[in-house]
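Open the model in your viewer and keep the selection tool ready. We will go from the whole chain to single strands, one stop at a time.

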Amino acid sequence: MKLGPASLQTSYVPEKLKVKVSSSYKIKGKIDRKHEVAIVLPTYCEAGNIEKLIEQIENLKIDPLILVIDDSSPDGTFKIVENLQKKYSNILLLIRPSKMGLGTAITDAFKLILSLKNKPKYIVTMDADFSHNPNDIPRLVSLARRGYDLVLGSRYCLGGKVEKWSPIRILISKIANKFASVFLNTKINDCTSGFRCYSIRFIKAVTENLHSQTYEIQIETVRQAAKNGFFTAEIPITFVNRKIGKSKLTLNEIKQFLLFMMKVSLERYFTIRMDKLVMLAQSQLRKVNMDSLNSPFLSYVEYVKRLT
């Protein structure tokens, strides 16, 4: 299992050291007991939010492992987390050398969690800017405990809503999600929601198949769930446009989303074509076998011998 060019410091002890050591990643903190829930917080320039967010998560009284993945934020986000580690013993901090994308942040987090000796049962991912309400975390986990492998906090299921977005942005988001649900063959209403809870069973099964760099990671994980028969569910949430900081959604990330959906549609098309070819080949093979069985030149015993 690879965690990119990761550096494992002595303060962090994985179950099996399968990670290639490099000086470009730094992992700080020590987790020496089991937590049922891990909460993953990818950050970049969230100095105005991270302390308050972690304090609110700690006050939930669910005793989670909090894993912050920071891309060397120039505003010193990681330094604030380091100070919080002096107060709380349940915080791990992964510092990456530069801004590397949400997709790689989440997959790096999954791989790090899988290398822990005491793995959590459930992994929550969420934005670190209060777009997602930390008070909704217990609701996500509660549904996951009932046997669901992927529980999404949904803006577009019954009861979900969005605040502080323009009508045109909401429309674009709804169209994109409808487009994604059709191509992924799923009934999920909000495939692009970043507020979700995964089972450790799901993470173990799909992590090595995740290759997204940016926001399309949300689509890719839903696709893996649909493709491999995992149980999914949604709960309604209120998504509030970020209170502090600038929007991180760029034209490049929109392009990556569209390219990923094109890839999914092409793979689906060729899979269907291949399935049809296989069915045709099997049909022809059965026809050939039956012709052989009815041939006056080939007895039944000889036919059976030929098959074996």
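Start with the surface of the whole chain. The model is predicted: local features need pLDDT of at least 70, side-chain atom pairs count only at pLDDT 80 or more, and totals for chains, interfaces and linings use all residues. Residues are numbered from 1 along each chain as its sequence is written, and side-chain values use heavy atoms, with hydrogens and water left out.

Now colour by burial. Of the 308 residues in the chain, 48% are buried. Buried means under 20% relative accessible area, exposed over 50%, and partly exposed in between (1.4 Å probe, protein chains only). Next, contacts, meaning heavy atoms within 4.5 Å. Among those with a separation of 6 or more, 76% join residues 24 or more positions apart.

Switch to cartoon. You will find 9 helices and 10 strands. These are DSSP runs numbered from the N terminus: helices are H or I with at least four residues, strands E with at least two.

**The sheet**

Select the strands in the order β1-β4-β3-β2-β5-β8-β6-β9. These 8 strands form an open sheet with mixed pairing. Two strands pair if DSSP finds at least two bridges between them. β1 and β9 (232-236) are at the edges with a single partner strand each, so one side of each lacks a neighbour in the sheet. On average, neighbouring strands are turned by 20° against each other, direction ignored. Axes here are lines fitted to C-alpha atoms, for helices over the stretch in contact; angles run from 0 to 180 degrees between N-to-C directions.

**Strand β4**

Select 91-95, which is β4. 5 of its 5 residues are buried, so β4 is largely enclosed by the rest of the structure.

Look to either neighbour. β1 pairs with β4 in the antiparallel sense over 3 bridges, and Lys26 stands opposite Ile95. β3 runs parallel to β4, joined by 5 bridges. Leu67 has Leu92 as its bridge partner; Val68 has Leu93.

**Helix α2**

Follow the chain from β3 through α2 to β4. This β-α-β crossover is right-handed: with the strands pointing away from the viewer, the path from the first strand over the helix to the second runs clockwise.

Select 77-87. In this helix Thr77, Phe78, Val81, Leu84 and Gln85 are buried. Seen down the axis, they fall within an arc of 110°, so they line one face of α2. The arc is that of the directions from the helix axis to the C-beta atoms. α2 lies across β1, β2, β3 and β4, at about 155° to β4. Its buried residues also pack against α1 (50-58).

**Strand β5 and beyond**

Select 122-125. Tyr122 and Val124 point one way from β5, Ile123 and Thr125 the other, and all are buried. β2 pairs with β5 in the parallel sense over 4 bridges; Ala38 stands opposite Ile123. β8 (196-199) pairs with β5 in the antiparallel sense, also over 4 bridges, with Tyr122 opposite Ser199.

Finish at α7, residues 217-227. This helix lies across β6 (150-154), β8 and β9, running at about 40° to β8.
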